[in-house]
Structures are given as structure tokens and as C-alpha cells.
Amino acid sequence: PNVCAVQKLIGTNRKYFTNCKQWYQRKICGKSTVISYECCPGYEKVPGEKGCPAALPLSNIYETLGVVGSATTQLYSDRSNLRPEIEGPGSFTIFAPSNEAWASLSAETLDSLVSNVNIELLNALRYHMVNKRVLTDDLKHGTTLNSMYQNLPIQIHHYPNGIVTVNCARLLKADHHATNGVVHVIDKVISTTTNSIQHIVETEESLETLRAAVAASDLNSLLESEGQYTLLAPTNEAFEKIPRETLNRILGDPEALRDLLNHHILKSAMCAEAIIAGLTMETLEGTTLDVGCSGEELTLNGKPIIANKDILATNGVVHFVNELLIPDSAKTLFELAQESEVSESMNFFRQAGLSSHLTGSERVTLLAPVNDVFKDKPISVDSNMKNLLLNHIVKDQLSSKYLYHGQKLQTLGDKELRVFVYRNNLCIENACIAAHDKRGRFGTLFSVDKMLTPPTGSVMDVLKADHRFSTLVAAIQSAGLTENLNRPGTYTVFAPTNEAFRAMPQGELNKLMGNAKELGNILRFHMADEILVSGAVSALVRLKSMQGDKLEVSAKNNIIHVNKEPVAESDIMATNGVIHAVNSVLQPQASRPQERGDEPADPALEIFKQASALSKVKTKN
């Protein structure tokens, strides 16, 4: 009974008194802790018995200070003549700095206090007191308590991880009851706070550039207003680290500047002592920052860039940072790409002379293939490549979450691209979005998994233009399906190559080609009336063919299979569908070509003649 758990940070004197809800995974700021147990406040051990069964008799606040590890506060209470008050009748709360807290004060500060014990030291101690009993349950987040020194406020923050701070000093030991009140031990000596965040910005020499930026963006009133904010204040040094061209562009753009500053303001006050592990916090700009710690250092987005922490203001807290945090909304497309896996693409856009579209005020969306697309593939930026890259820049600034199936997008190369929305993917033509889009000042960056191939004609046009499909073209014409594949639609065609037809037994092939009805049936089994690009296939997709049976499309080792047959080339885009080349003729289940006695035995010869003629024409061309 009455045993409390304590987590001690290995290698330090820091302790965290915890309960079962706040074990912190036995780590504080990434460092391991050891768990020990001690008597809860107000109890002690009895030899031979378990736990801490014996309740200690209550004494006054002065006596209690000596018991809870705040003997220095007790000593200074005596020297400053505060002792009679905290020994006498009443109901007080004292936030008593630990012995280590007093020892950590600078010699100059401590001298100024103890050299004038009846005024300075007494006032400092009375600022640590409240004229009523306040227990931990009463310490609500974001509230203030009136101290016993000129009723000046003490700021309370009670964080979700269980940590309580008093003017950003952490509560070490809470709720030590006394006959005339309660004692809470804290890890710092706290001082009065009378300045707003804006006043700190105005008076701090190292924040001169920030001061000018705040004035230019009209944020003065916000930083003076009531509330509880955290300002991550970039120092002059932080601004100097940014390329001059980038900094001038942002400072000259009111909207980008306001986004930049709002990205440095958190919506709630976050004291350094409350951060014991990584957490995500929302900024006034609506974005999030990863706030964490590594040992004794605070981190932002994983970087230890906080130079000076816990400068308390009447409306929040200020931490100085020595790097500027530029939000995506203030960046150009080139700047967005610096933190994405699309650097190779951006080099090609530069070489093609398209930089002006990606750095100016033109509203565009960039479809940038990820670096892996170009691995071991030498690319030369000629006029054809430039035209292709132009078709990776879409007019208007889009957001992927608002795209819809069948939507048409216009490119700077005057091509029309289609949007395909699937259960597990979002694709634009053959390229699917590989990462969350990044929305910049004027442009949005979509990272995609392939180079786009905008369609150049109908399914029939594409098949005719490719000599690999000459036999298929002749078969389609013989089966009377040409018109279907020329008109507008949304077709997926698993197109058997000439090699696929040659692989069939000659007799079976002749029978198939000699039976127009059966041929049409087989060809329709290779077609579906919806567009399925390879990026839509994650494990298994069952696609209803135009013949009626299902096609089973799957992906294995980055290769698409249809009815377990590998696809030789996927995503050949057409204006009315998509073609996937296969090196085998697919057969419907329980269906085989049958001989027809009412038709000539070998009209297939005519089809082969047509195919041969087409191949010769293509070769000649």
C-alpha cells in the first residue's frame, strides 16, 4: 500500500513520478529510465511489513518543506521572515523549488536575491505561493492562479502525458499535504511574467529580422492578444541561412510571408519540460510540426535547432530557433522538390528550359516521376522530350483529394489527360501518384511512379501503328470489331502479339481464324469495358470481359499477369482505353475453338495475307 513508482533518467538526477497511465514506454527523450518505488507523499515504511502502511502526522508548510526535499526553500523562508506566515494558520499552496533548482541559478541572480532578503527574496518566495489550497486535480491546462505577490498570475499547463508545469517549471512531487495547505515541489525557481510575446520580439536584439517580418505581415496584434501560443522565433542567424533570392521572394509576397510566420506559431503553449517524446503539433497556418527531444535537446522535425527555450510571456511561451521553418505553402515547385524523391525529374525540366513555369506565379500542377523511374535509363532532353515534359505540367493548381474518376486535365502541351480513381490508387493516364502531394505557393507537386504517355489515337489506331499486332488487327477486322475499338469508350485490351498467334498449334489457329463467330468470342474475352492500368492492380483484380467471363489480373514481382499469363508490355495508352501486350492467346474457361462444317476450311489464309501486307507496309514506312 501507498507505494509510488518513480522513473529515473539514467545518468542524471531527473525523476518522473508516474502512475500506470504514464509509463512513457520507460524512456524519456529517447533515453532509458529505471523504475524504482518509494513511499507516496505522507507515508512511511514499517519494518517487517509490505509497502508504506504508516501515515505520517501532518505538520505545517514550513516543516513539510524539509521533508519533501526542498530544504533550501525552507532556509530562505526563514531568512526572509516568511516562516511565521507558513507556520501559522491559513490555507496556502506553495510551489517550492527543489534544492537543485536553487543551485542551478546563476551566481548573479542568487546574489541579488539573498543580498536583499526582506524585499527581493521575500517577494520571489511569495510569487511561488497561492492564498488557497490547490491540488493537482485543480491544476487545469491553460489556467492561471493569482500569486501572493501583487496578485501576479502564475501560468498552469497540464499536458495529456500527465506532466504539469508552473510557469514552465515541471511539477516534481505533487500534493504534499500540510496542516495549513499543500506543497508541490518544482524543478525551477520561477519569476514574474509581465511581457507579451510581441514585447519579447520587439526588445530582443537577435530577433530584429523577425520583428520587421511580423510588422510587415500585420501579426503584431495577434502576438499581443490574450491566448496561449508558442512562438518558435527564428533568430537573425536563421534568416541569414536562407538563400537571398528565396528570402527576398518570401519577404516580398505578403501571403507567403504570413504563411511562413504562422508556421512558426503553435496553437497552444508548449513548455520544454512537457516534451518527453515526439508529438505532432498544429500551427496557426494549419500545418503540423513534429516536436520532440533527444537527450537534453528539443527537436523540430527531427533537428535540434532550438537555441533558447522557455522564455515565458503573458500569452504563451517563446523558443528561439536557429533555422527557418519554411512551409510548403511558401515554396516554389523547385523548392518543394528538394525534399522529395523527384530531383532527377527536376533536372530534366531545367534542361528543357521549363523552369519559368515552376518558379513563377503561374498556377500549375507538376506530375514529377520519382527518381527510380530513371534508374539505369539514360535520358536525353531533345525536342520530343521537352514536349513530353510539357505534358507533365497541368494547367491549374490541383489537390489530389479533389480529383474524380473520369476527370479531364489540360496540360501545357495541349494534351488532355484522364483521371482514374481506383480502390488502392489514384492514376493520371498510366502514371499513379506515389506520395502525398505537396502544395506550394502557386504550384502543386504530384510525385508519380512512371513517365506519362499521353494517348495518341484510338485503340484501333494504336494497334495498327504497332507492327507487333498486325495479326490481331487483321483478326479484329475479320471479326467486325473495328468500329467498336475506334469509337469513344473506356476499353482495356489484352492484345495478343503476332508471337502469341504463332505459338498456337497451326490446326487450332486455322480453325479459330476460319470461324468468325468463335474468333469474335475469343477477341471479346481479351477486352473489358473499363480502363484498368497496371497501377490499379495490387494483388488480384477480377475484370469482366466483353465476352462475359472474368479475367483475373494480378501483380507479382512488379509484373502484371492476366489469367496467370505475364503481360509483355503494360499501359499502352489510347484515347478510348488502354492496351496491355500479351504473348499468348487467352482462352475462356471450358471454351476451345471448334470446327464449323458450314464454312470454308481455310479462310484464315486471307487473314494471314492481310496481316502480312500490313507488316510489309509498316516495315516500308
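How far apart do the C-alpha centres of domain 3 and domain 4 lie? In this predicted model, the C-alpha centres of the two domains sit 32 Å from each other. To place them on the chain, the domain assignment gives domain 1 (1-47), domain 2 (57-186), domain 3 (197-327), domain 4 (331-448) and domain 5 (459-582).

For residues 329-452, the figures come out at 22% helix and 25% strand, with 26 Å between the end C-alpha atoms.

Now for the place where domain 3 meets domain 4. Here, seven residues of domain 3 touch five residues of domain 4. The size of an interface is often given as the accessible area lost when the parts come together. For domain 3 and domain 4, that buried area is about 510 Å², with 38% of it on carbon and sulfur atoms.

What holds charges together across this boundary? Between domain 3 and domain 4 there are three salt bridges. E255 pairs up with R441 in a salt bridge, and their closest N and O atoms are 3.4 Å apart. Polar contacts turn up too, with four residue pairs counted between domain 3 and domain 4, both partners at pLDDT 80 or more.

Zooming out, the structure as a whole holds 21 salt bridges. Among them is one between E273 and K188, whose closest N and O atoms are 3.6 Å apart. This pair ties together distant parts of the chain, since the two residues are 85 residues apart. E273 sits in the loop between strand 15 (265-266) and strand 16 (279-282), while K188 is found in the loop between strand 13 (181-186) and helix 7 (197-203).

Notes: Residues are numbered from 1 along each chain as its sequence is written. This is a predicted model: local features need pLDDT of at least 70, side-chain atom pairs count only at pLDDT 80 or more; totals for chains, interfaces and linings use all residues. Side-chain values use heavy atoms; hydrogens and water are left out. Domain bounds come from an automatic or database domain assignment. Contact means heavy atoms within 4.5 Å. Buried area is the accessible area (1.4 Å probe) that two parts lose on being put together, summed over both. A salt bridge is a side-chain nitrogen of Lys or Arg within 4 Å of a carboxyl oxygen of Asp or Glu. A polar contact is a pair of N or O atoms within 3.5 Å; within protein, one must be able to donate a hydrogen and the other to accept it, and residues adjacent in sequence count only if both atoms are side-chain atoms. Helices (H or I, at least four residues) and strands (E, at least two) are DSSP runs, numbered from the N terminus.
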